[in-house]
Amino acid sequence: MGKTVNLTQLKSLEKFVTEFSNLSDDYVFTRLTESNRTPLLISDTGPVRFDGMSWFLCFGGCLDFEVNLTPASLTPNSVGVTRPGSFIEVKNIDWSGLDCYMLFVSSDFIRDINFDLNILGSLAPMGERGLKENPVITILPEEATLLRAYFEILNHNTHNIHDTDSTYGKSIARCVIAALTYQLIQIVSRRIPADSGDRPKSRRMTYVHEFIQLVHEYHRSERTVAFYADKLFISPKYLSLIIKETLGRSAAEIIDDYVILEAKNLLRFSGKNIQQVSYELNFPNQSSFGMYFKHLTGFSPSEYQRSV
C-alpha cells in the first residue's frame, strides 16, 4: 500500500533529535528542538502512512503538516493526535524556539492497551463549523505542562527498563499511554459547547463525518458516490448535496483526492509498476487508471514517477 512508516524506520530519528527512547517495536518517543535544525527532517518524500497512532505536543516554534489532506499546524501550547493508517506529510518547520514532543505507538501495542480508538474519533471534528477534522487543538499552558509530565514519565520509564523488569515496564507504558489519551480526551471535552450534550447531534453532521471515515477506509477499491451513499443508507443525490453544502466540495472530489493521494504514494514508494498500481486501486486496466490520473493531476502516471 505504498510507503508505510513503521517503528523500525522511526528509530533512525535518534540521530536527529534532542531526546529519544523506544521500547522494542511498541513505541518511539522523541523530542525535537531548535538545536536539531536540519533539512533532513522536512519531508521531501511526499505523504507517508504510519501504521500506528501518533501524539504531538508543541511548546515552541511551528510545524506545518497535513493529515489525510487536512492542513494543520503545531504551534506553542498545542497538541495533536493522528489515528492508525493516517497519511502524514510535513510541509514546513519553523525552527525558532522549536520544542516538540512526539510519541509514535504501534497498532499492536495500542490494541494491548485495550481502549476504544473510536472515542477519539467521536471528538475529532473540532474544526470550522464543527465538521472539518482537525488533528490539532490549542490548549492552556497548564494543560500543556500536565501532558508533558506524561511524556516525561514514559521516557523515564523506557530508559529504566532492564531485561529483568521489561514486563513491568511494558505494563507501566500501557498505563501511561492510556492515561495520556484519556487526559487529552478530557481536555478536548472541555472545548465542546456546554449545550452540545443537551441536543441531538445533527444527522447531517453525522453523515458528513461517517462519509469521510468510509472514504478513508474504502478509497483504494471504491470510487463511486453511490457506494458510500449505500453504506450510509441515503441516496447519492442527498449525500452529494450535504457534502457540497457542508464542506464546499463535492463528494466525488473528496473521493478523488483520496484516490490520487494513494496513487501518488504507490507510484513513488511501492516498487510496483503502473499496471500493478492500477490493479491495486481497483481499476479495470492500466489505460483507465492512466486517464483518471492525468485528468486529475495533469500528468500521466509515468510522467509523475519521472518527476519525483
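This is a predicted model: local features need pLDDT of at least 70, side-chain atom pairs count only at pLDDT 80 or more; totals for chains, interfaces and linings use all residues.
## A cluster of rings

Phe 283, Phe 289, Tyr 292, Phe 293 and Tyr 304 are linked into a cluster by ring pairs. Rings of Phe, Tyr and Trp (its six-membered ring) pair if their centres lie within 6.5 Å; planes under 30 degrees apart count as stacked, over 60 as edge-to-face and the rest as tilted.

Residues are numbered from 1 along each chain as its sequence is written, and side-chain values use heavy atoms, with hydrogens and water left out.

## The chain as a whole

Here is the wider setting. The chain has twelve helices and nine strands; helices (H or I, at least four residues) and strands (E, at least two) are DSSP runs, numbered from the N terminus. Of its 308 residues, 48% are buried. Buried means under 20% relative accessible area, exposed over 50%, and partly exposed in between (1.4 Å probe, protein chains only).

Among contacts between residues at least 6 apart in sequence, 71% join residues at least 24 apart. A contact means heavy atoms within 4.5 Å.

In soluble globular proteins, nonpolar side chains tend to be buried together. A nonpolar core is a set of buried Ala, Val, Leu, Ile, Met, Phe, Trp, Tyr and Cys residues joined through side-chain atoms within 4.5 Å. In the largest such core, which has 32 residues, Phe 211, Tyr 228, Leu 239, Ile 243 and Phe 289 touch the most other members. Two or more residues each come from α6 (203-218), α7 (225-232), α8 (236-247), α9 (251-269), α10 (274-280) and α11 (286-297). Helix α9 provides the largest share, nine residues.

Leaving aside neighbours within four places in sequence, Tyr 228 is in contact with Phe 211, Leu 214, Val 215, Tyr 218, His 219, Glu 222, Leu 239 and Ile 255. A second, separate core has 31 residues, including Leu 23, Phe 29, Ile 137 and Leu 154.

The structure holds 16 aromatic pairs. One of them joins Tyr 27 and Phe 109, with ring centres 5.9 Å apart and planes at 50°, so the pair is tilted. Tyr 27 lies in strand β3 (residues 27-33) and Phe 109 in helix α2 (residues 107-113), so the pair ties together parts that are 82 residues apart in sequence. Tyr 27 is buried at 0% relative accessibility, and Phe 109 is buried with a relative accessible area of 0%.

Tyr 207 and Tyr 238 form an edge-to-face pair, because their planes are at 90°, with centres 6.2 Å apart. Tyr 207 belongs to helix α6 and Tyr 238 to helix α8, so this pair ties together parts that are 31 residues apart in sequence. Tyr 207 is buried at 11%, whereas Tyr 238 is partly exposed at 32%. Arg 203 lies over the face of Tyr 207, at 4.4 Å from the ring centre.

A disulfide is a pair of cysteine sulfur atoms within 2.5 Å, and a search of the whole structure finds zero of them. Cys 58 is in no disulfide, and the nearest cysteine sulfur, that of Cys 100, is 5.1 Å away. That distance is too far for a bond. Cys 58 is buried at 1% relative accessibility, and Cys 100 is buried at 1% relative accessibility.

## Some loop residues

Ser 300 is in the loop between α11 and α12 (301-307) and counts as buried at 16% relative accessibility. Not counting residues up to four places away in sequence, Ser 300 touches Phe 293 and Lys 294.

Most residues other than glycine have a negative phi. Ser 24, not a glycine, has a positive phi of about 50°; this serine is in the loop between β2 (19-23) and β3 and is partly exposed at 44%. Asn 77 is not a glycine either and has a positive phi of about 60°, in the loop between β6 (70-74) and β7 (78-82).

Terms used
A charge sits over a ring if NZ of Lys or CZ of Arg is within 6 Å of the ring centre and within 35 degrees of the ring normal.
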